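Welcome! Take a moment to look over the sequence and the fold, and then we will walk through them together.

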Amino acid sequence: MTVMLEHTTISGTEPQSFEGLLDTLDELYVPDGYKAEIIRGNIVVSPWSKGYYLDVMDLVCDQLRPHLPEGHRISTGPFLYVFPGSERAYGPDIHAAHRHAHRTTSNRLDGEALSFVAELTSSSTRDDDLTDKVKTYGKAGVPVYLVLDMQQEQATVLWTPSAKGYEAHITLPFGEKLHIPAPFDCPLDTAGFRAPETADGAAAAES
């Protein structure tokens, strides 16, 4: 096991199959405050979100919920979506899918069932959120991917999925209204997404 300040990667001396990694993930002890995903052939353990991220996730869910496709639900929390074609398994911060996708006793949910996914970046996850996950979500046909860059305080929405990722995207700073494309076709007001201010009036630093 290789331990880094905010990022732990587990890899064996012999490469494991994707199914083997999923089995290892099922048996892995993940300390409180961390989540585990499969990225580029490794099990990656990263810290859970900062407290104010919950407010941001609630704001996103509250605004999108009235515009969900029929039968879909939007949720936050640690659920594992599996992408066998890309050999990835992610636990997105916000996810929307048809209710049928969750009617299973398995903890391995179908990534291709997603209608929307959002990631809130941290210093340890930002690179994967902006690169690896863009390609994986797009290749799986997820209609809309929203990246909330908490370090740069800007939002990027990507749509028109393709084998290479997404064919269209737009980025706006927090505080602006961002259009979320079909199947939602609604505005997302990003006011309130910035880090809270400290006692001296400065924005809280992102570590």
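## Cysteines

A disulfide is a pair of cysteine sulfur atoms within 2.5 Å. In this predicted model, the number of disulfides is zero.

Are Cys 61 and Cys 186 buried or exposed? Buried means under 20% relative accessible area. Cys 61 has a relative accessibility of 3%, so it counts as buried. Cys 186 has 1%, and therefore counts as buried too.

## The open sheet

Now for the strands. Six of them form an open sheet with mixed pairing, in the order β5-β8-β10-β11-β12-β13. At its edges are β5 (72-76) and β13 (165-173), each of which pairs on one side only. On average, and ignoring direction, neighbouring strands of this sheet are turned by 15° against each other.

Look next at strand β8 (residues 94-98), which runs antiparallel to β10 and is joined to it by four bridges. Here you can find His 95 standing opposite Val 117 of β10.

## Helices on the sheet

Which strands does helix α2 lie across? Helix α2 (residues 53-64) lies across β5, β8, β10 and β11 (144-149), and it runs at about 155° to β10.

Helix α4 (residues 132-139) also packs on the sheet, where it touches β10, β11, β12 (154-162) and β13. The direction of helix α4 makes about 130° with that of β13.

## Aromatic pairs

How many aromatic pairs does a search of the whole structure find? There are eight. One of them brings together Tyr 52 and Tyr 53: their ring centres are 5.0 Å apart and their planes stand at 90°, so this pair is edge-to-face. Both Tyr 52 and Tyr 53 are buried.

Phe 116 and Phe 184 make another edge-to-face pair, with 5.5 Å from centre to centre and 70° between the planes. Because Phe 116 lies in strand β10 (residues 114-120) and Phe 184 in the loop between β14 (177-180) and β15 (186-189), the pair ties together parts that are 68 residues apart in sequence. Phe 116 counts as buried because its relative accessibility is 0%; Phe 184, at 4%, counts as buried as well.

## A cluster of rings

Finally, find Phe 83, Tyr 90, Tyr 137, Tyr 145 and Tyr 166, which ring pairs link into a cluster.

Methods: Residues numbered from 1 in each chain as written. Predicted model: local features only at pLDDT ≥ 70, side-chain atom pairs only at ≥ 80, totals over all residues. Heavy atoms only, no water. Buried < 20%, exposed > 50% of the residue type's maximum accessible area, 1.4 Å probe, protein only. Phe/Tyr/Trp six-rings, centres within 6.5 Å; stacked < 30°, edge-to-face > 60°. Helix = DSSP H or I, 4+ residues; strand = E, 2+ residues; numbered from the N terminus. Pairing = 2+ DSSP bridges. Axes fitted to C-alpha atoms, helices over the stretch in contact; angles between N-to-C directions. Contact = heavy atoms within 4.5 Å.
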